[in-house]
Amino acid sequence: MLKIKNLKADIENKSILNNFNLEIKPGEVHAIMGPNGSGKSTLSNILSGKKGYDVSGEILFENKNLFELETEERAHKGIFLAFQYPLEIPGVNTNIFLKTSLNAIRKARGEKQLDAIEFLKLVKLKAKDLKFDEEKLNRQLNVGFSGGEKKKNEILQMSILNPKLSILDETDSGLDIDALKIVADGVNSLRKKDNSFLIITHYQRLLDYIKPDYVHVLMNGKIIKSGGPELALELENKGYENFN
Amino acid sequence: MEEQLKIDFEKLLENSNFSKKNVELKRKNFDNFIKKGFPNRREENWKFSDLNQIISKNIKNLSFYNDLSKPNKIDQSIFIDGLEHNKLVFVNGKIEKIEFDYEEKNKIEILDDLVLEKFNDVNNSLLFLNNAFVSNYFKLTVKKNYALQKPLIIYNITNKDLVSKNVNLKVDIMLEENSSLKLIEFSNDKSTTNFININYNFDLQKNSILKNYKIDNNSNSNIKYYFNNISQDTNSVSEIFLLSSGSEFIKNEINCNLNGIYASAFVNGVFMLNETKHHEIKTNINHLVENTKSYQLIKSVLDDTSKAVYQGKIFVDSKAQKTDGYQLSKAILLNDNTEFNAKPELEIYADDVKCSHGSSSGSLNEESIFYLMSRGLNYKEAKKLLINGFLLDVVEKITDSEIKNLIKNIMSLKQ
Ligand SMILES: Nc1ncnc2c1ncn2[C@@H]1O[C@H](COP(=O)(O)OP(=O)(O)OP(=O)(O)O)[C@@H](O)[C@H]1O
Ligand SMILES: [Mg+2]
């Protein structure tokens, strides 16, 4: 599904990623752990098509060169990024944003757009699953949401858009224990044989709930070690300093 | 230009039957205008908008005499649909229709042929010009305890016959005690390069409520100046909303005197400008007695090489304790070549007051754009959503929900 080969990314002449390689197959869950500033969000942003990086190498998503696609085209193709810091968008009603987003993606995929009633039904259902206070959906997007509510809102969007590749950039940071469980359930319910996940986290705890197939350690711009879930435990014990 | 002014002024006197006293008054105004001329940037009030230069740059051979003897056709298609309303229609500065079908006739008084009665030494050359050339003016009085059933829309229409003319309009509105009026001023211009000079005087007596919405959103090459003078007695409320968008140049000057306790004034405005448009809002809110309140919120979205100016002044007299004055302006600059000037001014002579002001401008937040695009919206859609969101809270300030919806439609903010 996703093949990253020799990815190199610089920002303002500073090298962030270098010789970065990763392959994710359909249905797989990969976790990436790495110290602050190691380039995890940079990787997420590049996968979603954010501008402003000097990139080289190759990223294939379902055998299509991602560098040729605009951000919204990647979303249409099924790439979803749950932001580490979801943005507040004043004046934009959350429900209307969700509907606009869903219908833009459905339209691009040649699917029928949902009318207001169909949409509300869907949203109600998904919000209930995530124990997300529906009343908040009538507020401005993320404005006045708590940190955890913003993260939950990302997962709500994910479950509504039903992407093929979901990138969760530290979605667990800022979630309380119950919320963490709910979010993990949300992710697990989307786990299907052709939905893949890239989960960025600092904490082993999330991986107790969402069992990854692979864990990767990102340091100095590249993956320095890959392994199974046990790698996360090892990291938690040793820390990055004494890793290697 | 001075020669043209003189010729046109004599022509006006020749073709009208003003009384002797009236002619004298007009002459006095005329002489004052000749002395001062069009305002330029050397005047503090005009430092961001040099009208003299703007007129000479945009209008070739400006002339001042309008033959108002022949009636103009009204293009009915521009009337606003879906909102029952009373109408007052000006075409090229001439009143063409007065229609108050929804109102009790003895509760309002309409005069459409008033002439100047006294000299007003305001030191505003454009008012001198207006008083000199306006042929007759219009006055609406809403009687005590009467609230108009339906809004009044003043259509200010210019058609394509009008080219390089100066048009002067004067409208007085008197709201007697406990009365109320919703007034929409809707401009529609098919004319080219005229200088339109409009003077509104609002007299709000005790407990009266004025809601005034000015909509200028169809693109045209005219240069406009509005002088809105508002005088407010005890417990009266004025709510002004400006959509400043269509004309090449507009300066909206709002002078509001809060003369009675508990009087309050709200000025909310949106600049949506592109190309070479240049618009200004200049307010003088004068808190003259205690316990008065004013609130101003101006938001701008500027594209191409457009320019917006907001000069907001709050004056608090030494008698005006417990004044509550607030003003805020925010601008989004979509292009490096746009310009936004904000000059807030607080002049406070009382000590127990609550006054604040703030201003900010910046480009569209690219992070927000990326966020929206990562959810499948293209750049244009993301930009539009952000701009609409940015402007929404000003429009939400409109307290009449029917008119709020109308304005949302006009601004395509409807979701
Ligand atoms: N716009 C930018 N301009 C300059 N440097 C940047 C920019 N964005 C990121 N960086 C730098 O790139 C490096 C990688 O940042 P990134 O956000 O990808 O780290 P991260 O691994 O996500 O860290 P964290 O765990 O703290 O979220 C950091 O050193 C950061 O300071
Ligand atoms: Mg990060």
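This is a predicted model: local features need pLDDT of at least 70, side-chain atom pairs count only at pLDDT 80 or more; totals for chains, interfaces and linings use all residues.

Reader: How many residues of chain B are in contact with chain A?

Author: On the side of chain B, 18 residues are in contact, and they meet 32 residues of chain A.

Reader: And what area is buried between chain B and chain A?

Author: The buried area is about 1,900 Å². Carbon and sulfur atoms give 68% of that area.

Reader: How many salt bridges are there between the chains?

Author: The count between chain B and chain A is 2 salt bridges. One of them joins Arg375(B) to Glu154(A), with the closest N and O atoms 2.6 Å apart.

Reader: Which elements of chain B give two or more residues to the side that touches chain A?

Author: These are α5 (366-373) and α6 (379-395) of chain B. The largest share comes from α5(B), which gives 6 residues.

Reader: What classes of residue are on that side of chain B?

Author: That side has 9 nonpolar, 7 polar and 2 charged residues. Across the interface, 9 residue pairs are in polar contact, counting pairs with both residues at pLDDT 80 or more.

Reader: A change of topic: how many cavities of 30 Å³ or more are found?

Author: A search of the whole structure finds 3 such cavities.

Reader: Which strands supply at least two residues each to the lining of the largest cavity?

Author: They are β5 (152-158), β6 (166-175), β7 (180-189), β8 (195-204) and β10 (220-232) of chain B. Of these, β5(B) gives the most, with 3 residues.

Reader: Which residues line the largest cavity, and how do they divide by class?

Author: Among them are Asn156(B), Ile157(B), Thr158(B), Ser187(B), Lys224(B) and Tyr226(B). The lining divides into 6 nonpolar, 4 polar and 2 charged residues.

Reader: What about the second largest cavity: which elements supply at least two residues of its lining?

Author: Those are β7, β9 (209-216), β11 (237-244) and β12 (247-258) of chain B. Its lining residues include Glu185(B), Lys214(B), Asp216(B), Leu242(B) and Ile250(B). By class, this lining has 5 nonpolar, 3 polar and 3 charged residues.

Terms used
Residues are numbered from 1 along each chain as its sequence is written. Chains are lettered from A and ligands numbered from 1 in the order in which they are written. Side-chain values use heavy atoms; hydrogens and water are left out. Contact means heavy atoms within 4.5 Å. Buried area is the accessible area (1.4 Å probe) that two parts lose on being put together, summed over both. A salt bridge is a side-chain nitrogen of Lys or Arg within 4 Å of a carboxyl oxygen of Asp or Glu. A polar contact is a pair of N or O atoms within 3.5 Å; within protein, one must be able to donate a hydrogen and the other to accept it, and residues adjacent in sequence count only if both atoms are side-chain atoms. Helices (H or I, at least four residues) and strands (E, at least two) are DSSP runs, numbered from the N terminus. Ala, Val, Leu, Ile, Met, Phe, Trp, Tyr, Cys and Pro count as nonpolar, Asp, Glu, Lys and Arg as charged, and the others, Gly among them, as polar. On a 1 Å grid over the protein atoms alone, a cavity is a set of points where a 1.4 Å probe fits but cannot get out, and a pocket is an open set with protein on both sides within 12 Å along at least five of seven lines; lining residues have an atom within 4 Å of a point. Grid points are joined across faces, edges and corners, and a volume is the space filled by probe spheres set on the points.
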